[in-house]
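Work through the exercises below with the sequence and the model side by side. Each task is followed by a solution that goes step by step.

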Amino acid sequence: QRFAPEWLPGASVAVYTEAEGWWAGARGFADVKNKTLMENCHLQYLQSVSKSYMAVEILQLKEEGKIDLDAPMTKYLPAKYSQYVQGAKSISVRMLLNHTSGIPDYNEDHEFISAVMEQPLKTFSAMDCLKAIADAKPMFAPGTAYKYVNTNYLLLSLIGDEITGDHTAYIKKNIFKPLG
């Protein structure tokens with residue numbers, strides 16, 4: 001079939017360099033069905049791009065001897081967070097990394113998603129996300145199945161904060177800077 005850009009969703013890109021500052025552009029459609037053109041002002045969710053960087057950070061911390069992948073997440077995660085995860089003591093850091101923890105996804109809690117959609121400019125905290133799963137039963141016993149779940153990487157980011165003081169600063173210093 002012939003390539004037809006009108007079939008494709010849009011993309012928005014922003015690039016920053018110290019020498020030239022910011023450049024941003026958008027192409028395609030924000031809504032393919034209604035042919036709404038993508039603009040830079042449309043909300044764009046980071047989605048799962050950041051999970052790759054979080055995984056690299058956790059693996060670097062393992063190489064540095066600061067984290068044991070087979071230790072329970074509760075070894076590194078304060079109780080103020082782990083209290084919202086049923087069976088937290090039986091979930092290892094490795095299970096968070098490879099999505100075999102059985103932890104429910106806060107993105108599947110209808111009340112939480114409704115709140116996010118109704119307040120797109122509000123910043124929801126990690127605690128807000130974890131409270132959304134507080135009463136949710138595990139999807140399966142830890143380590144027995146696989147399901148891609150955002151909550152796993154939210155917990156890894158909190159573990160990263162606990163070990164490094166600021167997981168985003170660590171990623172900047174140890175991943176982005178060396179890569180230029």
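The exercises treat a loop, a helix and the cysteines in turn.

The model is predicted, so that local features need pLDDT of at least 70 and side-chain atom pairs count only at pLDDT 80 or more, while totals for chains, interfaces and linings use all residues. Residues are numbered from 1 along each chain as its sequence is written, and side-chain values use heavy atoms, with hydrogens and water left out.

**Exercise 1.** Locate Ser101 and describe the surroundings of its side chain.

Solution. Begin with the position: Ser101 lies in the loop between helix 3 (93-97) and helix 4 (110-118), where helices are DSSP runs of H or I with at least four residues, numbered from the N terminus. Next, consider accessibility: Ser101 has 2% relative accessibility and is therefore buried, a term that means under 20% relative accessible area, whereas exposed means over 50% (1.4 Å probe, protein chains only). Then list the contacts (heavy atoms within 4.5 Å): leaving out residues up to four places away in sequence, Ser101 touches Ile91, Met95, Leu96, Phe140, Pro142 and Asn152. Finally, look at the polar atoms: the side chain of Ser101 makes a polar contact of 2.6 Å with the side chain of Asn152, and also reaches the backbone nitrogen of Ile103 at 3.1 Å. A polar contact is a pair of N or O atoms within 3.5 Å; within protein, one must be able to donate a hydrogen and the other to accept it, and residues adjacent in sequence count only if both atoms are side-chain atoms.

**Exercise 2.** Which residue does the side chain of His99 join in a polar contact of 3.1 Å?

Solution. His99 is found in the loop between helix 3 and helix 4, and a relative accessible area of 7% makes it buried. The partner in the polar contact is the side chain of Asn152. Beyond its neighbours within four places in sequence, His99 is in contact with several residues, including Phe140, Tyr146, Tyr148 and Tyr153.

**Exercise 3.** Determine how the buried and exposed residues of helix 4 are arranged.

Solution. First, Phe112, Ala115 and Val116 are buried in helix 4. They cover an arc of only 100° around the axis, and therefore lie on the same side of helix 4; the arc is that of the directions from the helix axis to the C-beta atoms. The buried residues of helix 4 pack against helix 5 (126-131), while the face turned away from the buried side carries the exposed residues His110, Glu111, Met117 and Glu118.

**Exercise 4.** How many disulfides does a search of the whole structure find?

Solution. With a disulfide taken as a pair of cysteine sulfur atoms within 2.5 Å, the search finds zero. Cys41 is exposed at a relative accessible area of 63%, whereas Cys129 is buried at 8% relative accessibility.

Terms used. Helices (H or I, at least four residues) and strands (E, at least two) are DSSP runs, numbered from the N terminus.
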